Structure formats: structure tokens, C-alpha cells
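Here are my notes for your first look at this structure. Keep the sequence beside you and find each residue as you read.

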Amino acid sequence: MSEVAVVILNWNGKHYLEKYFGLLVERSSAPGVQIVVADNASTDGSVEWLREKFPDVTIIEFEENYGFTGGYNRALLSVHADYFMLLNSDVEVCEGWIENLFSFMEENPEVGISMPKINSEARKNYFEYAGAAGGFIDLFGFPFCRGRILSNIEMDEGQYDQPQEVFWASGAAFMIRASLFHTLGGFDDLFFAHMEEIDLCWRAKLAGWQVWVCPDARVYHVGGGTLPNNSPRKLYYNYRNNLLMLYKNLSPGRLWPVLTIRCMMDCLSAVMYVLQGKGSFFKSVCSAHRDFYKLRRVARRDNVAASGPLTQVYKGSIVFSFFLKAGKLRFKEFGHLIR
């Protein structure tokens with residue numbers, strides 16, 4: 001059994017594999033590391049290209065696209081390792097990235113999940129939207145990062161180079177203890193894609209584990225490889241899955257007050273989309289709420305039994321704080337308020 005399995009879930013990402021996979025193999029050649037590609041029924045020749053160029057790499061093929069959640073859940077059942085390193089295909093890894101994450105996890109047994117610092121592949125001196133230097137949520141479940149508050153992305157000037165406990169690790173690149181992944185039942189298939197990693201981290205924290213960012217490990221992420229950030233479909237998943245995540249994990253006393261306020265906030269954002277002439281975005285918000293109320297009938301709330309107060313949560317509204325600062329809010333301005 002290998003110590004670390006780097007697992008890429010691919011769907012029609014041949015162009016990314018051609019650009020980044022060779023570097024991944026070269027920079028992940030440490031003893032005890034294996035690389036696995038799970039393919040979600042790609043039709044772009046990804047599997048054929050991998051077999052020709054990297055015949056020693058393990059490939060798991062699916063007959064249909066199970067999404068991010070279903071694909072990883074199925075793939076990791078047949079991968080044997082102490083740690084799973086989940087990695088998007090549109091990621092360029094740096095030298096020492098896997099060794100640094102592995103060492104951090106080995107030295108900190110209370111940490112169940114960790115992530116590298118994630119910078120933008122296009123602008124390498126800036127953080128990347130999906131994770132940056134570690135993720136948090138606010139009182140109403142809105143996610144943000146050290147280095148990225150909503151649409152405001154900071155330049156990386158070394159201001160977040162210290163390891164820190166966070167609320168969530170980005171699904172673009174994160175390491176999890178294999179035993180923890182299986183104990184938690186993996187990702188929730190109801191999510192399909194988007195925010196499933198925040199839900200997983202939340203469940204890990206409720207189970208007593210910590211989530212950390214290890215900036216000594218760094219990667220560069222393209223982002224938006226499957227769905228671009230301005231996609232109505234991505235907006236739909238983000239709204240629906242955020243509500244689903246809150247429903248699953250909030251304590252009974254906070255659940256309905258938070259969901260009520262979130263409903264009002266989401267209605268306001270839907271109205272704003274109409275005023276901006278973005279009818280497809282308005283429909284996405286409405287569809288997300290409709291489908292959330294269907295999914296909550298089958299969603300499980302097994303992990304919300306009495307635990308201590310959640311840590312690494314901003315006790316205010318990141319949305320209101322952001323607009324009060326005219327979109328120029330930086331993490332360092334309020335990070336001390338996160339408990």
C-alpha cells in the first residue's frame with residue numbers, strides 16, 4: 001500500500017493533462033506516492049492519450065459521468081493508501097508540494113485534511129479564486145478565503161505564508177486521511193459538484209478533526225475548467241449546494257433562523273440579477289431553491305449532534321462587510337474576528 005495516492009478525476013480534460021500531467025509525474029516521484037486518474041466517461045481521447053504517454057499510471061474508467069462527488073467516491077473505493085491527495089487536472093504543482101503536505105499531516109495527527117497554497121496559473125503572483133490560502137465561512141454560510149473575498153483577489157506578497165487552521169480546504173487540491181474519508185462516507189452524492197468539499201470539511205470538524213492550510217506546499221490552478229465562474233449552471237449548484245450544506249450541518253437551534261435569513265438574501269440577489277438583465281442567473285437562483293427543498297427530504301443530518309462551537313467562522317456577514325468596503329475588503333482587515 002502506498003502512503004499517498006494522488007487521484008485526478010478527469011472529464012474531457014485532455015488539454016489540461018497534456019499541459020500539466022507530465023509535470024505532476026516529475027514532481028511527485030517521491031517514494032510511496034502513486035498517481036491515479038479516474039475518468040468520468042470522457043469523449044475527448046483523454047484515456048487513450050494517458051495510456052500512450054504514461055502506460056504505468058493507474059487508470060480507473062467509468063461508463064458515465066458521475067460528477068465530482070460520485071466519481072471520487074467510486075474511485076477511492078479501489079485506491080489503497082494512507083492519504084488521498086485529490087487534485088484537479090488543471091493544476092500545475094511545484095517542487096516539493098506532495099512531500100510538504102505529507103510531512104505536515106504526519107507531524108500533526110489532529111489534522112484530518114490539509115491543502116496547499118493555491119495561486120492563479122494565469123497570474124502566478126496572485127491567489128486563485130478556488131481556495132487561495134485557506135477557506136472560511138461566515139455566519140450565513142457564505143465561503144471566502146485568505147487572499148480572496150468574494151470577487152476581490154489579492155496579490156500574494158507572502159502575507160499568508162504561515163500554516164493556519166481553516167474551515168475548509170479547496171477541492172482543487174487537498175489531502176485527506178483515507179480512513180477519515182471512508183469513516184465520513186466520502187462526499188455527499190447529492191451535491192454532484194461544487195461545495196461538496198466544504199460539506200466534507202464541515203463534517204470532519206463536527207467529528208473532532210482539524211482542517212489546515214500548509215503554504216509550504218504550493219500549486220497553480222487554472223480554475224473554471226469544467227464550468228466557468230460566470231456560468232448559470234455553476235451559480236445554480238453554488239446556491240443549491242450551499243443551502244444543502246447548511247441544512248445538513250447546522251445545529252438545530254441555528255438551522256431555521258439562518259436558512260430564513262439566507263432565503264431573504266438570496267431573494268435580494270435574484271432581484272439584482274433581474275435588474276442587471278441577467279435572466280438566466282435569476283432562473284438559476286429560483287431553481288436552486290426549488291431543488292434544495294426537494295433534496296432536503298433525503299439529506300442526512302447525522303453529524304449535528306451536540307458538539308462544541310465551530311471554529312474558523314466569521315461571526316458576521318462577509319457579503320455586507322464586502323459591500324461596506326466597496327469591494328476592497330482584505331482578509332487581514334478582519335481575520336482577527338474569526339474564531
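1. Start at the surface. This is a predicted model. Leu268, Val271, Met272 and Leu275 form a nonpolar surface patch. Together, these four residues have about 400 Å² of accessible area.

2. Now take one member of that patch. Leu268 sits in helix α8, which spans residues 252-275. Is Leu268 buried or exposed? Leu268 counts as exposed, because its relative accessibility is 53% and the cut-off for exposed is over 50%.

3. In soluble globular proteins, nonpolar side chains tend to be buried together.

4. What does Phe84 touch, leaving aside neighbours within four places in sequence? Its contacts are Ala5, Leu76, Val79, Phe174, Met175, Ile176, Ala178, Phe181 and His182.

5. His221 belongs to strand β13, residues 210-221. His221 counts as buried because its relative accessibility is 4%, and buried means under 20%.

6. Which side chain makes a polar contact with the side chain of His221? It is that of Asp90, at 3.1 Å. A polar atom of the His221 side chain also lies 3.4 Å from the backbone nitrogen of Gly223.

7. Check the backbone at Ala41. Its phi is near 60°, a positive value in a residue other than glycine. Ala41 lies in the loop between β2 (33-39) and α2 (46-53). With 23% relative accessibility, Ala41 counts as partly exposed.

8. Gln312 also deserves a look. Phi of Gln312 is near 65°, again positive in a residue other than glycine. Where is Gln312 found? Its place is the loop between α9 (279-295) and β14 (313-314). Gln312 counts as buried, because its relative accessibility is 12% and the cut-off for buried is under 20%.

Notes
Residues are numbered from 1 along each chain as its sequence is written. This is a predicted model: local features need pLDDT of at least 70, side-chain atom pairs count only at pLDDT 80 or more; totals for chains, interfaces and linings use all residues. Side-chain values use heavy atoms; hydrogens and water are left out. Helices (H or I, at least four residues) and strands (E, at least two) are DSSP runs, numbered from the N terminus. Buried means under 20% relative accessible area, exposed over 50%, partly exposed in between (1.4 Å probe, protein chains only). A polar contact is a pair of N or O atoms within 3.5 Å; within protein, one must be able to donate a hydrogen and the other to accept it, and residues adjacent in sequence count only if both atoms are side-chain atoms. Contact means heavy atoms within 4.5 Å. Patches are made of residues with over 30% relative accessible area and no salt bridge: like charges are joined within 9 Å, nonpolar side chains (Val, Leu, Ile, Met, Phe, Trp, Tyr) within 5 Å. Accessible areas come from the Shrake-Rupley method with a 1.4 Å probe; for residues, only the protein chains shown count as cover. A salt bridge is a side-chain nitrogen of Lys or Arg within 4 Å of a carboxyl oxygen of Asp or Glu.
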